[in-house]
Amino acid sequence: MIKMSKVGIIDIGSNTFNLLVSCTKSKENIYSKEIHVGIRKGTKQNIIQKKTIKESIVTIQEFKKICKKFNCKEIHIVATASLRNAINKNEFIETCKKETNLIVNVISGDMEAELIFNAILNNIKDFDDFVIVDIGGASTEFIITKNKKSVFKKSFNFGSQLLIEKFNPSDPIKEEEEDIKRFLKEKLQDLTSSLKKHKIKKIIGTSGSFNCITKIQLKKKYRTEYQILNIDHYKETISPEILNSTINQREKIPGLLKMRAENIIITIILINFLLNQGVENIYTTKFSLKNGVFSNILNNITPWQKSLL
């Protein structure tokens, strides 16, 4: 039986750190905050730089203070590919424990995909048969659902920042776009086969760059569980505008956060690749991994260590 009332959840992502404060009694989310840290960009030869570790700890300390203000009883910290692939991840974990007295749990790619699936399954009830896409800085997760069950679930070892580093695109991007398309075609063969097998026509993009695309279309924030993009507007306006512009020009696009101005081209190329595989509709949602962690907490499924406050 769940005894705590308020709980803090920290998702250490490759680009951003995300905080979610939720209430286990009412099963509601109370507060959320996102801070750009850029662990992946602050990693050289798979070693997280000292400066980046310091910035990460400062952010975690800030989140801990917020959790205390909300009288959280527990904090659950999960880290994804940014730490999963780091040679010095133990240094990061030990420094965090020493400086904040909080435990960082590095989860597997399979667990990451499972939590993302749980986030969508438990928060969006009114349609199914879609592919969930979560593109981070260092990994990308795809989950195909049919009749509210996952029939394909995989974490791939590439993300927006990793592909930027790998292909070093021109500004604006030129022939590198075709190189990235060929890369996706090669790496995602099992995904594309499964999309065709299950006749999937809908994408649900979670958090990050996907929500930026929605804000560009709406020119404002949205508060609904999910949002459907106008596919014609996306194809005719949003996609070409982003791919044909420089980083500086993209920073001025209303709705596009500056911290995503460089990497969003990867998200656009990935979406366009999926559209060429027969996908017809694009949905976006704010629900993401941290919401999946909360769902697991409510169901007493927490194969990681929590920190008590």
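In these legends, a contact means heavy atoms within 4.5 Å. The structure shown is a predicted model.

**View 1. Glutamate 177 and its contacts.** Leaving aside residues up to four places away in sequence, Glutamate 177 touches Leu243 and Ile269. Glutamate 177 belongs to helix 6, which covers residues 176–187. Its relative accessible area is 16%, and buried means under 20%, so Glutamate 177 counts as buried.

**View 2. Helix 3, residues 89–100, and its two sides.** The helix has 12 residues and reaches 16 Å from its first C-alpha to its last, close to the 16 Å expected at 1.5 Å a residue. Phe92, Cys96 and Thr100 are the buried residues named in helix 3. They cover an arc of only 30 degrees around the axis, and therefore lie on the same side of helix 3. In an α-helix there are 3.6 residues a turn, so residues three or four places apart point the same way. Glu94 and Lys98, on the other side of helix 3, are exposed.

**View 3. The surroundings of helix 3.** Strand 1 (6–12), strand 5 (47–48) and strand 7 (104–106) pack against the buried residues of helix 3. Helix 1 (50–69) and helix 2 (81–84) also pack against these buried residues. Asparagine 101 follows helix 3 and has a positive phi, near 60 degrees.

**View 4. The largest pocket.** This pocket has a volume of about 870 Å³. Its lining is made up of 25 residues, and Ser32, Asn211, Lys215, Lys286 and Lys290 lie nearest the centre. At least two lining residues come from each of strand 2 (16–23), strand 3 (28–36), helix 8 (208–218) and helix 12 (289–298). Strand 3 gives the largest share, six residues. By class, the lining holds seven nonpolar, nine polar and nine charged residues.

**View 5. The second largest pocket.** The space in this pocket is about 180 Å³. Lys27, Glu28, Asn29, Asn122 and Asn123 are among the residues that line the second largest pocket, and the lining also includes Asn291, Phe294, Ser295, Leu298 and Asn299. Strand 3 and helix 12 each supply at least two lining residues, with helix 12 giving the largest share, four residues. Two of the lining residues are nonpolar, six are polar and two are charged.

Definitions and conventions. Residues are numbered from 1 along each chain as its sequence is written. This is a predicted model: local features need pLDDT of at least 70, side-chain atom pairs count only at pLDDT 80 or more; totals for chains, interfaces and linings use all residues. Side-chain values use heavy atoms; hydrogens and water are left out. On a 1 Å grid over the protein atoms alone, a cavity is a set of points where a 1.4 Å probe fits but cannot get out, and a pocket is an open set with protein on both sides within 12 Å along at least five of seven lines; lining residues have an atom within 4 Å of a point. Grid points are joined across faces, edges and corners, and a volume is the space filled by probe spheres set on the points. Ala, Val, Leu, Ile, Met, Phe, Trp, Tyr, Cys and Pro count as nonpolar, Asp, Glu, Lys and Arg as charged, and the others, Gly among them, as polar. Buried means under 20% relative accessible area, exposed over 50%, partly exposed in between (1.4 Å probe, protein chains only). The expected span of a helix is 1.5 Å times one less than its number of residues. The arc is that of the directions from the helix axis to the C-beta atoms.
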